[in-house]
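Hello,

Here is the structure I promised to pass on. Please look it over first; my notes on the two ligands follow below.

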Amino acid sequence: MSESTVFITGASAGFGTACARMFAKQGKRLVLTARRIDPLLKLQDEIGASADVHIIPLDVRDRQVLQGAIESLPERFRNIDVLLNNAGLALGLEPAHQAELDDWDAMVDTNIKGVMYCTRLILPGMVARNRGHIVNISSTAGNWPYPGGNVYGGTKAFVTQFSRNLRADLLGTRVRVSCIQPGMAETEFSRVRFKGNDQQAADVYRGTDPLTAEDIAETVRWVVSQPPHVNVNTLELMSIDQSWGPFAIHREQK
Ligand code: NDP
Ligand code: 8X3
């Protein structure tokens with residue numbers, strides 16, 4: 001797929017930036033999107049020598065803007081071969097009865113609706129060409145519960161099940177769908193979750209060897225580079241320093 005086109009959401013930081021760098025090394029044509037234009041411009045500057053890069057500052061929550069951006073892509077970027085649905089966030093770690101409803105709305109709108117919109121707008125072209133690959137970034141948080149994971153984990157469970165249901169719909173086509181479920185990875189993720197509190201964000205990774213954005217880019221590279229008849233359905237990965245706890249049990253003091 002040397003001449004192929006990759007569309008990445010959330011390319012301004014973390015996994016998205018690392019994946020853009022990885023695909024640029026392979027000489028892919030890249031459409032890079034996120035809300036912040038400055039990091040996108042910087043990235044375009046960095047990788048523009050090895051890849052043809054088109055940047056679009058947009059919010060995946062805005063369906064009209066997304067539709068307009070995709071419909072008005074320059075001709076050479078129109079035939080998207082890989083859609084990396086990566087843009088997403090967690091906001092807050094409060095228990096459900098104390099969480100901010102605005103945070104829940106933002107997570108649902110970004111992590112669920114953003115993935116829905118990008119998929120629905122880009123998938124028809126893939127089906128028409130009978131070629132393409134949708135790679136969705138879910139999370140271990142969609143598989144395993146943890147205190148404060150409430151809506152964030154729920155949105156990622158959606159991404160996992162949506163990926164499987166897309167596979168069901170696309171049977172008989174050559175369009176592939178893969179769902180990657182990373183555990184704790186050090187990016188801007190915790191800084192966003194804790195609303196700019198750098199200390200709280202750093203504490204998440206303190207004393208551990210977390211996954212890196214480059215680890216996820218390598219996983220995406222492997223998933224996408226399988227032979228066309230091989231569909232990696234779901235792939236979960238964690239840092240060696242992360243595992244499961246026992247069931248939590250509340251005991252009354254007698
Ligand atoms: P980062 O915070 O480093 O990057 C998130 C990216 O998403 C940024 O480029 C951000 O760009 C973009 N984004 C967020 N909201 C929107 C929006 N409304 N519209 C467009 N772009 C948006 O986090 P990660 O790289 O770690 O996260 C990438 C994905 O991986 C997310 O879906 C996250 O849930 C998931 N994930 C992360 C894990 C981790 O531990 N880090 C583990 C498992 C999954 P901008 O702010 O410029 O819009
Ligand atoms: C991010 C991983 O464990 O912080 O999806 O929810 S976690």
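**Ligand 2**

An oxygen atom of ligand 2 sits 2.6 Å from a side-chain N or O atom of Tyr146. That is a polar contact (a pair of N or O atoms within 3.5 Å). Tyr152 also brings a side-chain N or O atom to 2.6 Å from an oxygen atom of ligand 2. For Ser139, the distance from a polar side-chain atom to a ligand 2 oxygen is 2.5 Å. On its own, ligand 2 exposes 240 Å², and the protein buries 82% of that (Shrake-Rupley areas, 1.4 Å probe).

The residues around ligand 2 are Ser139, Ala141, Tyr146, Tyr152, Phe189 and Arg193. To be listed, a residue needs a heavy atom within 4 Å. By class, they are four nonpolar, one polar and one charged.

A note on the basis: this is a predicted model, where local features need pLDDT of at least 70, side-chain atom pairs count only at pLDDT 80 or more, and totals for chains, interfaces and linings use all residues. Residues are numbered from 1 along each chain as written, chains are lettered from A and ligands numbered from 1 in written order, and side-chain values use heavy atoms, without hydrogens and water.

**Ligand 1**

Ligand 1 is surrounded by 30 residues, with Ser12, Arg35, Asn86, Tyr152 and Thr187 the closest. Tyr152 places a polar side-chain atom 2.6 Å from a ligand 1 oxygen. For Arg35, a side-chain N or O atom is 2.7 Å from an oxygen of ligand 1.

Best wishes

Technical notes
Polar contact = N/O pair within 3.5 Å; in protein donor to acceptor, adjacent residues only side chain to side chain. Nonpolar A, V, L, I, M, F, W, Y, C, P; charged D, E, K, R; others polar.
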